[in-house]
Amino acid sequence: MKRWLGVALVAVSLAVLPFALAQIGTTWVRITNYAILYVLLALGLNIVVGFAGLLDLGYIAFYAVGAYTYALLASPHFGLHLPFWLILPIGAAVAALFGLLLGAPTLKLRGDYLAIVTLGFGEIVRIFLNNLSRPVNITSGPQGIARIDPFSIDGFSFAGSQTIAGLDFSGPIKYYYLLLLVMLAVIVVNLRLQNSRIGRAWEAIREDEIAARAMGINTRNMKLLAFAMGASFGGIAGGMFSAIQAFISPESFVLVESVMVVSMVVLGGMGNIWGVILGALLLSFTPEVLRWTVEPVQEALFGRSLIEPEVIRMLLFGLALVLVMLFRPAGLLPSAVRKRELTEHAT
Amino acid sequence: MDTFLQQVINGLTAGSVYAVVALGYTMVYGIIQLINFAHGEVVMIGAMVAFTVINALVPYGLPPLTIVLIGTACAIPVCMLVGYAMERLAYRPLRHAPRLAPLITAIGVSIILQHLALLIWSRNVLAFPQIIVSRTYLIGGAAISTVQVAILAICFGMMAALAILVYRTPLGTAMRATAQNPQVAGLMGVDINRVIAATFLIGAALGAVAGVLFGTYYGIAQYTMGSILGLKAFSAAVLGGIGNIPGAMLGGVLLGIVEALGAGYIGDLTNLCAYDTLAPRIADCAGGGNFVLFGSNYQDVFAFIVLILVLVFRPSGLLGERVGERA
């Protein structure tokens with residue numbers, strides 16, 4: 001009974017949240033939407049890094065693939081305007097294909113070698129996006145693709161405001177509910193995966209690949225599955241990003257973004273779904289909160305803005321990364337397995 | 001002019017700088033299995049400090065070489081201090097933590113250093129003053145400048161010095177012992193903390209010089225230069241086999257050459273108009289036009305494609321030891 005009360009409380013607060021945020025400013029609803037996108041990304045990467053133990057530093061490439069798939073199929077760029085419920089699965093499939101493309105040649109690589117190859121892969125994808133405007137214009141290069149269609153079902157568009165049942169629903173608020181739904185679905189999939197046959201196989205590979213193989217696990221297929229699955233989540237998130245932004249360019253898919261998503265996973269606690277969500281939310285909100293507080297604080301203290309807020313924001317952000325890791329090396333909410341390992345290590 | 005030889009010379013110059021930076025990555029990795037993501041930023045700080053000093057000294061009319069030497073001499077201790085500080089504050093406390101934890105602090109340190117540099121030097125590009133009169137020599141149809149000769153000489157000199165340090169001195173022996181097995185090295189009386197700190201100091205000093213050379217070669221230094229240089233150098237280290245010192249040198253030089261050759265030839269090779277069977281079918285080719293599939297703007301892709309190919313066939317790098325799978 002008590003448990004259901006808690007669930008109901010969370011559900012109600014999640015439902016009311018965008019309206020509360022809209023009171024402060026619609027920007028905050030938008031920031032929340034991006035935070036949810038990061039949660040999706042971090043959960044996708046968690047499959048690869050947290051569950052299967054394959055360090056991927058180029059994860060943002062799959063986000064880019066999903067985003068560009070959506071943009072090319074639903075914008076005036078090629079004059080195609082397919083419905084989103086058709087494109088999102090296509091995007092997920094294309095991203096999964098790219099995941100296989102990355103996974104297949106790197107099956108033998110381990111640890112840091114894998115990390116650098118994935119990093120290179122991410123850069124290759126970005127460089128191609130940046131340059132595939134000549135001689136045949138596919139991606140529009142650095143200019144990016146603009147006027148991407150918003151999500152719409154049967155005339156109901158997710159962009160623009162409208163009043164439903166006396167409540168004012170702005171575009172970001174509508175997207176918030178959609179994102180929330182997708183996020184819940186992804187969380188459920190992840191929770192079910194973790195304790196499934198597949199999830200346990202991944203865990204076995206992470207802990208000891210040879211032992212896993214000896215136990216009859218097809219390590220090759222399982223690793224490929226991890227790459228493909230992680231990538232497809234990234235692809236879905238990318239498609240939604242495309243629609244929400246209505247504009248994408250290679251700028252959004254730089255290495256720093258990959259690093260950011262890895263940081264979310266590790267900071268929150270690799271392999272623990274709730275930890276990863278916490279990490280993603282913290283790392284996406286912290287810079288924003290700093291953005292809105294750094295300048296007023298400086299004004300109050302010195303009467304003027306001494307240091308560029310952007311600089312101080314990133315400084316504090318870097319410092320936060322270091323400090324959290326120093327004091328909680330296994331992440332804020334470590335997974336049960338890791339907690340066990342750590343205590344064993346200590347004794 | 002001989003394009004091939006010219007690209008090899010250019011590639012060799014850039015590659016020798018990559019190699020020196022790669023040494024910083026590989027030494028640290030060899031000893032504590034940490035990808036020191038912030039090493040590229042140390043190189044950047046070296047270049048920025050040196051350029052600031054050099055620009056400040058120009059009005060005094062000292063001989064150009066002296067100015068550059070003073071600039072470098074100022075950059076080295078600053079970088080060593082940064083290297084030592086980050087080892088002490090961000091990496092040492094995490095030596096026994098899960099493997100990805102120090103990676104994240106390294107990312108944090110990298111962000112901090114980059115934005116500190118932004119704070120100090122702003123977004124401006126520091127230019128290298130026109131003080132060195134560079135002469136150009138012709139070798140077999142390719143041009144090589146004094147600056148390139150100097151860069152090659154300094155880089156290979158430093159690599160030789162490092163090789164002597166690592167393979168011929170007590171400190172080097174201690175470093176190799178620690179890399180092999182820290183516990184046993186400790187039991188043999190090696191002060192592991194000191195050895196690790198020394199590794200960071202040496203890597204940072206090499207990085208400082210590499211930063212100055214890189215900046216001098218391209219004539220500019222900016223707070224963002226560390227990330228791409230670091231990325232390339234790290235790729236070079238992995239290419240050669242991470243943790244392996246000769247491997248980093250080989251990987252760096254190889255990466256530089258491949259990149260230069262790739263950039264030099266890809267435009268011609270993928271110009272579809274150059275192929276007689278295809279040219280008549282492409283409208284753009286009419287009247288001597290070009291239809292280039294991949295131009296030299298794909299230069300950066302090369303480094304990574306070579307890296308991936310090498311690792312697919314030799315999963316532990318060119319000179320890396322074949323580590324047996326964990327039993």
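**Close-up views of a predicted model**

**View 1. Where helices α1(A) and α2(A) meet.** In this predicted model, A:P18, A:L21, A:A22 and A:I24 of α1(A) are in contact with A:T26, A:W28, A:V29 and A:T32 of α2(A). Sorted by class, this contact holds six nonpolar residues and two polar ones, with no charged residues.

**View 2. The crossing of α1(A) and α2(A).** Two packed helices can be described by the angle and the distance between their axes. Here, α1 covers residues 2–24 of chain A and α2 covers residues 26–51 of chain A. Their axes come within 5 Å and cross at roughly 135°.

**View 3. The side of chain A that touches chain B.** Chain A brings 34 residues to the contact, and chain B brings 41 residues. On the chain A side, the elements giving two or more residues are α5 (111–131), α10 (255–268) and α12 (309–327). Of these, α12(A) gives the most, with 10 residues. By class, this side of chain A has 25 nonpolar, four polar and five charged residues.

**View 4. The largest nonpolar core, with a look at A:A42.** This core has 217 residues, and A:A42, A:A226 and B:A19 are those with the most contacts inside it. Helix α1 of chain B (residues 3–32) gives the most to the core, with 16 residues. Leaving aside residues up to four places away in sequence, A:A42 touches A:V261, A:M264, A:V265, A:V276, A:G279 and A:A280.

Notes
Residues numbered from 1 in each chain as written. Chains lettered and ligands numbered in written order. Predicted model: local features only at pLDDT ≥ 70, side-chain atom pairs only at ≥ 80, totals over all residues. Axes fitted to C-alpha atoms, helices over the stretch in contact; angles between N-to-C directions. Helix = DSSP H or I, 4+ residues; strand = E, 2+ residues; numbered from the N terminus. Contact = placed C-beta atoms within 7 Å. Nonpolar A, V, L, I, M, F, W, Y, C, P; charged D, E, K, R; others polar. Core = buried A, V, L, I, M, F, W, Y, C linked by C-beta atoms within 7 Å. Buried ≥ 20, exposed ≤ 12 C-beta atoms within 10 Å, placed from the backbone.
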